[in-house]
Amino acid sequence: MSMTQPQQGETLMQIRNLDKSFGGVKAVDDVTMDLRAGIVTTLVGPNGAGKTTFFNLITGNLPRDGGEVTWLGRDIAGVKPHRIARAGIMRTYQDLRLFDGMTVWENVLNATEYGALPIPLGSAARAARRERIERVLERTGLADKRNTRALDLAYAERKFLSMARIMATEARLWLLDEPASGLDPASYDRFLTILREDVAGGVTVCIIEHNLDIVIGISDRIAFLDRGKLLADGDPQTVLNDPELAKIYFGERT
Amino acid sequence: MEAYIYNLVNLIAIYSILAVTLNFIMGYAGIYSLAHAVFFGLGAYTSAFVAQNVSASILVSFPAAMLAAGVVSLALALPALRVRGEYFVAASLGLQVLSVTIYSEWKGFTGGIGGVLAIPPVNILGIDVFRPAAFAILSVTVLVLVLLIVNALVHSSFGRNLRAIRDSESAAASFGKNVPVIKTISVVISAALAALAGALYASYLSFINVESFTLDTSVLVMAMVIIGGTGTVAGPIVGAAILLILPSVISYFDFLPQTEIGSLQQIIYGLGMTLLMIFRPGGIVGRRSGT
């Protein structure tokens, strides 16, 4: 695997001393990190380490207890999830949360429709949007399924539809919650290709992933979380070769 | 016989408007309201009041009815839609119960229990429309207009947003949708269009009272939607037609004990609805189960 050196892109998001507890259990404990433009950061750690909670705090799905999160220099404390999304931060969910009663096409189209009221688009804008969705469906292998309801898709197709929705948006930061779990090798390759292309196109990615092939194949940087604490944050080789972290990850806690 | 048919057409059209507008929020946004009769009643009382005191022109009384229902629905939607779905059902039930009390007591506006009498016929471009045949043209036209509006909304980005919210509120918000605002707008549109049914009803019967706007009516309209097919275009109309025609069909059979028709009707309704939910949960027009 080629090792991309983390480029020193502009800092998009600053996270300082982020805290969240659930009934006395610290789910996220004093986490500080920066997310820089064009960098793929992978969050690894055992189940229950606080990775998804970390996403929920960034996206406003959960209120934080303490700490600071800024996006492009602006504090986003207490900002509603839909406003954070419109500001350019979008996410996928581990349990996908597709719009099950809608077709593949409608799912992807609707991901780009933010406004409450229908805004008539000019024919040029409509054509551009259609082309954009076509391209997304082609890349995710869903072009033939455009008229299938999300509910009726196979497992891997559902995972790709979850990706397709975010790909169709103009978000600058993607938060992906285990997007590749349970995929077969061919689908892995497709997934990695998609991610590499979009990162090359300027998207910044923070991804929760357990599959080490994916982690190594895509990460510029790895952040290791355990019991809410950020134990390590650095280039993939250093973090993955740390014997102490490996013990925690594989359950041989000392 | 002819008058009987026209009467049935008018009632089916009016209740179809109610069912179509309830289906708009139930079937597409997943918002279950037990207060639909409130907006039916408000439309009826408002248009009756305006027709008696201001003008019976359709261009005055009908918009007034829509405005009143839209504003009152806002009072329900704004607080109730910020919480989860079950709470909206409870809040709508509360509004329904409260409204029946107000409709029974507010004599200046609703005539109290006695109701409003001698409501002038609706006036369209100087012509009073009151004969059942002429009124049937009006009520079916309004139904068609409501259907066109609802259909256009459902197939716009607004309709997709509603369905997205129904399927996953959190994911919809994660894709930039202001969920409470979208839900509120859908409730206001539904209530305002339901008020048209009320305005038609008041003008058609020229007499209204609170008995037409109770919880029973809300439940009946919900049954029309569910039996016909929630989330379908034709379902609510099919449901309305069946539930309105059924009583006449039952009373048509001479061998049935005429004094027991009422309870017989209830038994048939209950049994029919239970069997339908077991074998065709999507309703008559809806998808078969498992497809």
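Helix axes here are lines fitted to C-alpha atoms over the stretch in contact, and angles run from 0 to 180 degrees between N-to-C directions. With that in hand, start at a meeting of two chains in this predicted model. Helix 3 (residues 104-111) of chain A and helix 7 (residues 157-167) of chain B have axes that come within 10 Å and cross at roughly 105°.

- Angles of 65 to 115 degrees count as roughly perpendicular, so helix 3 of chain A and helix 7 of chain B are roughly perpendicular to each other.
- Chain A contributes Glu106, Leu109 and Asn110 of helix 3, written A:Glu106, A:Leu109 and A:Asn110.
- From helix 7 of chain B come B:Arg160, B:Asn161 and B:Ala164.
- By class, this contact has 2 nonpolar, 2 polar and 2 charged residues.

**Annotated spans in chain B**
- Residues 219-246 of chain B are 79% helix and 0% strand, with end C-alpha atoms 16 Å apart.
- Residues 266-286 of chain B are 67% helix and 0% strand, and their end C-alpha atoms lie 24 Å apart.

**Leucines with positive phi**
- A:Leu72 has a positive phi of about 55°, although it is not a glycine.
- A:Leu72 sits in the loop between strand 4 (66-71) and strand 5 (74-75) of chain A.
- A:Leu72 counts as partly exposed because it has 14 C-beta neighbours inside 10 Å.
- B:Leu125, also not a glycine, has a positive phi near 50°.
- The loop between strand 1 (122-124) and strand 2 (127-129) of chain B holds B:Leu125.
- B:Leu125 has 7 C-beta neighbours inside 10 Å, so it counts as exposed.

Conventions:
Residues numbered from 1 in each chain as written. Chains lettered and ligands numbered in written order. Predicted model: local features only at pLDDT ≥ 70, side-chain atom pairs only at ≥ 80, totals over all residues. Helix = DSSP H or I, 4+ residues; strand = E, 2+ residues; numbered from the N terminus. Buried ≥ 20, exposed ≤ 12 C-beta atoms within 10 Å, placed from the backbone. Parallel < 35°, antiparallel > 145°, perpendicular 65-115°, else oblique. Contact = placed C-beta atoms within 7 Å. Nonpolar A, V, L, I, M, F, W, Y, C, P; charged D, E, K, R; others polar.
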